[in-house]
2 protein chains.
Amino acid sequence: MSVESVQDGVQDLKVNEENQDEQQEDIVDPWNVASSSTAGVNYEKLIIKFGSSKIDEELLTRMEKIIQQPVHYFLRRGIFFSHRDMHTILNLYESKKPFFLYTGRGPSSEAMHLGHLIPFMFTKWLQDVFHVPLVIQMTDDEKFLWKDLTLEEANRLAYENAKDIIACGFDPEKTFLFSNFDFMGQCSNFYKNICRIQKCVNVNQVKNIFGFSDADCIGKIGFPAIQAAPSFSSTFPFIFDNRKDIPCLIPCAIDQDPYFRLTRDVAPRLGLQKPALLHSIFFPALQGAKSKMSASDANSSIFLTDTPKQIKDKINKYAFSGGGQTVEEHRAKGGNCDIDVSFQYLKFFMDNDERLEEIRKTYSSGELLTGFLKKELIEVLQKLVADHQQRRSQVTEEVVRQFMQPRKLKFAFSS
Amino acid sequence: MSVESVQDGVQDLKVNEENQDEQQEDIVDPWNVASSSTAGVNYEKLIIKFGSSKIDEELLTRMEKIIQQPVHYFLRRGIFFSHRDMHTILNLYESKKPFFLYTGRGPSSEAMHLGHLIPFMFTKWLQDVFHVPLVIQMTDDEKFLWKDLTLEEANRLAYENAKDIIACGFDPEKTFLFSNFDFMGQCSNFYKNICRIQKCVNVNQVKNIFGFSDADCIGKIGFPAIQAAPSFSSTFPFIFDNRKDIPCLIPCAIDQDPYFRLTRDVAPRLGLQKPALLHSIFFPALQGAKSKMSASDANSSIFLTDTPKQIKDKINKYAFSGGGQTVEEHRAKGGNCDIDVSFQYLKFFMDNDERLEEIRKTYSSGELLTGFLKKELIEVLQKLVADHQQRRSQVTEEVVRQFMQPRKLKFAFSS
C-alpha cells in the first residue's frame, strides 16, 4: 500500500471541489446521478450533505494493521471514499465478534455492465478478508414497481443477474443470495421486519428522503423498508440462529445511502443494530463523469456480455478524452486525468499501482497519447470481461439454486 | 321464507331514511362508523354513495330457487342488505362453475364480541349452501400497523381469534384460515399479487378512498393491497391449482367496501376477476345505533367470553331502550323497535321469525314491556354465547394448525 495512492484519492476530491465551486448542485439519489461538472459529482460536498465520514488515512492504516494485509486498491484510490461506523466494525473484528455483509442489485437489465461489478468485487474482497457471511438482495420487486417490466420478467432478470454476481467469486458457504419476490414467500421474518420498519416511517419522511409524490404508486412508498430489512440479522433466522443483535456492514455506491440513513434512523427504535456503510463513487459513463454508466443507455456502457471487438470499438469511439484536441496540443499541454474516462476506468480496473502511476504521469505530461491510453484500457477490459464470461459460464442453475437456498452460513466468529 | 320479512328489512331502511333527512352525513370507513341518528346509519344513502346494489326481493327469490332452500334470515331481515355482482355468482353456481368465499378479521382484541360473529355466521351458511372453498384472512399486520400493539401480540391475537372463528363451524376440508404475518412467509404468490396491486394504485387514490395523510406510516399506505390480494384465486395456488380465473364472493360489513371497490377497480387491469360482495349493516353498540359495537369499549359490547351474569347485567344496564319512560307512557305510545337495541339484537340472533314478529307487534303496541323484551334477549344471548364457548373449548391448537395449513381444499365444481 502506498500513502501516495491514498493521497491521490484525496487529491482528486480536492480537484473536483475546485472544479465545481460555481456549478449547480449535483443530483444524487437512488434513481438519478447528474453533475454539471466534467469531473463529475463533488464527493466532498456529498459527504457533508449526507453526514457520512471520509475514509481517511487513519482508518486505512488501522484497517491494514487489523487485517494484516494491504487494503483493496478501491480503498487506496478513493473509489470507496466514505463510510459510516467502519471503526465499529473493525472493533468487532478485533474482539472476534460476528458481523455480516449486505449488498444488493436491482435487476433491471439482462446484461450487467462494468459499473455493476464494483460493489461486488469489493464485497468479495471484504468477505475474503473478514471471513463473514454475506447476504445479497436482488430487488426484483423494486424493478417491477419502477420500470415497465412484468413481474415474471423482473424475477427472471434477478436469476440472470445472480449468475453474474456469483461469477464474481463469492464463497458458497458464506453467501446467501435472494430475490425479494421469492424470499418473501420463504421466511416470514422478512415481512415482519418490513412491517416493523414501515410502522416507524411516515409518508412525509419518504417524500423528503426519496422525492416521492402522491402520483407515485403505493408500492414505491413502502419499498424503502424492503431494502432496509436485510440490514438486520433477525431477517435471516436460518443464518444467524435467530439472533437479532449481529451488526451489518453494507458496501454500496453512495446513491444508495438514503435507504440506509433511513435504516439507521429506525434501528434504535426497534432495538436493532445500525448498519455500518462503505460508500463508493459512481462508475462514469463512457461519455464522461457527468453521469454514471447506465444499462439503459447502451452507448454509455460496456456490458459483461460484450465481445472484445465491441469493447475496443466503444472505448475508441465513445470514451471521453481528457487529452488535447491535436497531438501537438496534447504534447504541449498534457492530458487531464481527472476528466479522462479511460484513465478513470483504469483506476477502477488496473490493479498494478506502479503501472497506473506511470500512465498518470506520462499522460498528464503529454508524453502518452490518448490512443495509447485507450489501447492499454482496451486490453485490461477485454481480459476482465473475457475472464468474467468464462467464470459465468461455469455458474449452472444448480449453483444458483445452491446460493439462493435459505440455509446456515459459515462464520469466522460466532460468539 | 316470508315476503313480509323481506319487506320488513326494506321498511326499516325507509324508516331510517325519514329519520335522517335532516341529519349530518354518516361517517363510514374501515376505521369509523358514526351516525347522528338514533336509528343508525342511513343504508339507502350508503348504497347510492358506494354505488352498490340493494339486495331486493328478486335477488332473494332467485337465490332460493337456485339453492332450493330458504335464504338465511340475515338476508330476509335486511341484515345483509347490499351486494355487488351477486347475480354473477348465482350464474356461476347455476352453470356448475367454481367460485370461492373470502372474508376476514382484524385481530385487535383477545375477546371477540357478538358483532364479530355476524359475517362468520353468514359465511358458514354460504359455505354450507354453495359447497365452496373459503379463505379467511387475519390481518394481524393491519392491527400491528394501526394499533399500539407489538407484532408478537398482534400475531398471538390472530391465533386466539382463529379459535373463535373456527368455533363458528366451518368445514375443515373447505376452509383455509391464515395470519398475514405467517402466510406471507409461506407462499410467494401472496406478495407477488400484493405488488401487482400496489403498482396499479397511487398515493392520491388511497388518500381519497381511505383518508390517509402524509403523517400516516408507509405501512398503512400499502395495506389496502394486502386486504385486496386474497380476492384473487392466484394468491392461493395450492387451493386452486394455479388457476387465476376463479371468482370470489366476499361477505363483509359495509365499512370494508372501500377495500373491495379498489380491488374491483384494479382487477381488470391485472386480467383478474372482480370480486362479488354481500354487505351487512353494522351491529349496534349497546348504547344504540349511532355507533357500532366496539371491542375497545367494554361497556358497548357483549363478548363471547362473557358469563351469563355479565350478559344479563350489561343488557339490563346498558341496552338502549325504545320503550316509554314510564310503564304508563309505554302502554299508551308503544315501543320503537327501530331504535330499541334489544329488539335489534333479537333481529340478529333470534332465528324464529314468528316469535320475532310477535315481539315486534306487542312491543310496538305497548303491550310488551322493555323488561320482558330484555329478558327474552338475555335468554337468547346466554344460550348463544354458552354454545359458542362450548364449541370453542373443542378447538385445540392442533385443529387451528389444520385450518391454517396451506393445502388443497374441496370443491363442489372444479370445471
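**View 1. A charge over a ring in chain B.** The charged end of Arg261(B) lies 4.3 Å from the centre of the Phe50(B) ring and sits over that ring. A charge sits over a ring if NZ of Lys or CZ of Arg is within 6 Å of the ring centre and within 35 degrees of the ring normal. The model is predicted: local features need pLDDT of at least 70, side-chain atom pairs count only at pLDDT 80 or more, and totals for chains, interfaces and linings use all residues. Residues are numbered from 1 along each chain as its sequence is written, chains are lettered from A and ligands numbered from 1 in the order in which they are written, and side-chain values use heavy atoms, without hydrogens and water.

**View 2. Lys199(B) and Phe144(A).** Lys199(B) lies over the face of Phe144(A). Its distance from the ring centre is 4.2 Å.

**View 3. Phe240(A) with Phe411(A).** The structure holds 82 aromatic pairs over all chains. Rings of Phe, Tyr and Trp (its six-membered ring) pair if their centres lie within 6.5 Å; planes under 30 degrees apart count as stacked, over 60 as edge-to-face and the rest as tilted. Here the centres are 5.6 Å apart and the planes stand at 70°, so Phe240(A) and Phe411(A) are edge-to-face. Phe240(A) is buried at 2% relative accessibility, while Phe411(A) is partly exposed at 23%. (Buried means under 20% relative accessible area, exposed over 50%, partly exposed in between, with a 1.4 Å probe and protein chains only.)

**View 4. Phe100(B) with Phe240(B).** These rings are tilted, because their centres are 4.6 Å apart and their planes at 45°. Phe100(B) is buried at 0%. Phe240(B) is buried at 2%.
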